[in-house]
Amino acid sequence: MMDTDVVIVGGGLSGLALADELHRKGVDFQLLEARSRFGGRIHAAYIDGAAFDLGPAWFWQGQPRMAAATKRFGFTVFEQYSTGDIVTEDQHGNVQRGAGFASMAGSLRIAGGMTALVDAYVKTVPADRLHLGQAATEISQTDTSVTVRTDKLSISANKIILALPPRIAQTIIFDPPLAAAQSDAMGNVATWMAGQAKFLAIYDKAHWRDAGLSGDGQSRRGPMVEFHDASPQSGGPYAVFGFVGFDANTRANHREEMTQMGTDQLTRLFGTKPRQLILQDWAQDPMTATPADHTSADHPAYGRPSALTNIWNGRIILGSSEMGQSFGGYLEGALEAAQDVGNLLRQG
Ligand SMILES: Cc1cc2nc3c(=O)[nH]c(=O)nc-3n(C[C@H](O)[C@H](O)[C@H](O)COP(=O)(O)OP(=O)(O)OC[C@H]3O[C@@H](n4cnc5c(N)ncnc54)[C@H](O)[C@@H]3O)c2cc1C
């Protein structure tokens, strides 16, 4: 017995954008999301009513799907704050300020944070199609259907879309097992940014701006290596975020020490201790990263590997950002992958 036509596994941007597309086309579907929230790698801390991105913060000119989505949902788009000097720190903790290139100048942000995009997509789809707290653990096939199971339910469908990083998809039990080449191909696709961690430093005032600093900076001492202003478009609280340079294992074993070091470092670079310091370590999140992601990679070449083009006669289709041919890894890649899956589903 078929319960629905399509099951989407994963409620990140790619899964939600696909849900939106299927709903608009009148296709019957259900979406299963493992976490207790939608958005996946898009995630925010909410402080005094403002959203601070803990995952992606930017999109860029030349990304047509992100441009279309922000226009469709009526978002205010603003440029990354980059006015003023940058700071650099050497390995001994000596800090210098000077005119320099704010490396993310011109990058675009959404007022209300990237989670506004998630919330907007969630609203486009009837709530009874979207299921939180449903981690797919097993997928099986019969002659006529495929079935996905969580610890609470089982749904049969014509097709299952795995809108989650291929390395996470690889951890699902397939019955019968996938061909080794398919399983290996999933394991070989590094999940973009999954090995990274961000410190978010919250301040009551953007005192670095008052001091003529952009909030941009670089450090060879750490724990953070690259800094950017992360304040809301207008009003406070204000924030700087920093990518952490320590490797995933060091981070996991020295969390408290590293947080103290982070506070000291921010005080050295920007002059004031933050009111609050939040660590978001994606490498320790099993819904995003596997141990294979603990060593970070340069931006890999993405797109659908040939070994993953025809799983179980096309009944299983991968659909996370990593499958995006032109913009793989980015938010734009998640929208691209959703569009690509939509096209594959139309082809039957
Ligand atoms: C720190 C960081 C910074 C980034 N910065 C940028 C940026 O500035 N600009 C940019 O364009 N991109 C950036 N990225 C990349 C961007 O976040 C991703 O391209 C995008 O969010 C991927 O969306 P997705 O839906 O394909 O995957 P995901 O967001 O990973 O969604 C997959 C979903 O599947 C769910 N899931 C996992 N396992 C299961 C299961 N077994 N059953 C059911 N559901 C499951 C997860 O919970 C998740 O919700 C950044 C990423 C990180 C981590």
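Reader: How do the residues of the shell around the ligand divide into nonpolar, polar and charged?

Author: The shell around the ligand holds 23 nonpolar, 13 polar and four charged residues. Ala, Val, Leu, Ile, Met, Phe, Trp, Tyr, Cys and Pro count as nonpolar, Asp, Glu, Lys and Arg as charged, and the others, Gly among them, as polar. The model is predicted: local features need pLDDT of at least 70, side-chain atom pairs count only at pLDDT 80 or more, and totals for chains, interfaces and linings use all residues. Residues are numbered from 1 along each chain as its sequence is written.

Reader: What makes a residue near a molecule, and which residues come nearest to the ligand?

Author: A residue is near a molecule if its C-beta atom, placed from the backbone, lies within 6 Å of it. Of the 40 residues around the ligand, the nearest are Gly10, Gly12, Gly40, Pro56 and Met193.

Reader: Which domains does the shell around the ligand draw on?

Author: At least three residues of the shell come from each of domain 1 (1–42 + 114–190 + 301–348) and domain 2 (43–111 + 195–287). These bounds come from an automatic or database domain assignment.

Reader: How many residues of domain 1 and domain 2 are in contact?

Author: Two residues are in contact if their C-beta atoms, placed from the backbone, lie within 7 Å. By that rule, 16 residues of domain 1 touch 16 residues of domain 2. On the domain 1 side, helix 3 and helix 9 each supply at least two residues.

Reader: Why are the buried residues of helix 3 said to line one face?

Author: A residue is buried if 20 or more other C-beta atoms lie within 10 Å of its own, exposed if 12 or fewer, and partly exposed in between. In helix 3 (residues 115–124), Thr115, Leu117, Val118 and Tyr121 are buried. Seen down the axis of helix 3, its buried residues fall within an arc of 150 degrees (taken over the directions from the helix axis to the C-beta atoms), so they line one face. They pack against helix 1, strand 3 (44–47), strand 4 (50–53), helix 2 (64–72) and strand 8 (108–110).

Reader: How does the radius of gyration of the chain compare with that of a compact globule?

Author: The radius of gyration is taken over C-alpha atoms, and the globule rule is 2.2 Å times the number of residues to the power 0.38. For 348 residues a compact globule would have a value near 20 Å, and the chain has 21 Å, which agrees.

How values were computed:
Helix = DSSP H or I, 4+ residues; strand = E, 2+ residues; numbered from the N terminus.
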